[in-house]
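Hello,

Here is the structure we spoke about.

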Amino acid sequence: MFSVSGTQTPCVGVSIGVERVLTIMEARSQQARAAREGGGEGGGEGGLPPRRRRSPFVEVLVATIGANMLPHRMRLARLLWAAGIPAEYLPQENPKLKKQMEYAHEQGIPFLVIVGGDERKRGTVKRRRWRRS
């Protein structure tokens, strides 16, 4: 680098067109979104609008009905993970079943495993899959 004192300081410089890079990234994001939503045409599964998929790897949402079920959601998710099944659950203490189902649909999670008090006592679960219309 040039200086008034006459000493030279070595340096390296890089220049990129940030605006161009951001424009390309935005276009790719829109293309990916359109591809996930089926090009904006048609509906999603179960007659619902096209879904977004936050993670293509999550296959099961563990949902519960009733109060104080978070430990049971966590335990069931851990069992699914141990079996190699990608699963997720909502971390709220007592989410409503409707909220959990909406979340699964919004995120594109195809299966729900539902546990309520009766299922817990019997050691069973209910399962639900979004169906295509």
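Contact here means heavy atoms within 4.5 Å. The model is predicted.

Start with Gln100. This residue sits in helix H3. By that cut-off, Gln100 touches Leu61, Val62, Ala63, Thr64, Arg73, Leu90 and Pro95, leaving aside residues up to four places away in sequence. Is Gln100 buried or exposed? Gln100 is buried, with a relative accessible area of 0%. Its side chain has a polar atom 2.9 Å from the backbone oxygen of Thr64.

Next, the rest of H3. Its buried residues are Gln100, Met101, Tyr103, Ala104, His105 and Gln107. What covers them? The cover includes S1, helix H2 (70-82), strand S2 (87-89), S3 and strand S4 (126-129). After H3 comes Gly108, with a positive phi near 75°.

Now the cores. The largest nonpolar core has eleven residues: Val58, Leu61, Ala63, Leu90, Met101, Tyr103, Ala104, Ile109, Leu112, Ile114 and Trp130. Strand S1 (60-64), helix H3 (97-107) and strand S3 (111-115) are the elements that each give two or more residues to this core. H3 gives the most, with three. A further core of nine residues lies apart from this one; among its members are Met69, Leu76, Ala77 and Val115.

One core member deserves a look on screen. Ile109 touches Val58, Glu59, Val60, Leu61, Glu88, Tyr103, Ala104 and Trp130, again leaving aside residues up to four places away in sequence.

Best wishes

Methods. Residues are numbered from 1 along each chain as its sequence is written. This is a predicted model: local features need pLDDT of at least 70, side-chain atom pairs count only at pLDDT 80 or more; totals for chains, interfaces and linings use all residues. Side-chain values use heavy atoms; hydrogens and water are left out. A nonpolar core is a set of buried Ala, Val, Leu, Ile, Met, Phe, Trp, Tyr and Cys residues joined through side-chain atoms within 4.5 Å. Buried means under 20% relative accessible area, exposed over 50%, partly exposed in between (1.4 Å probe, protein chains only). Helices (H or I, at least four residues) and strands (E, at least two) are DSSP runs, numbered from the N terminus. A polar contact is a pair of N or O atoms within 3.5 Å; within protein, one must be able to donate a hydrogen and the other to accept it, and residues adjacent in sequence count only if both atoms are side-chain atoms.
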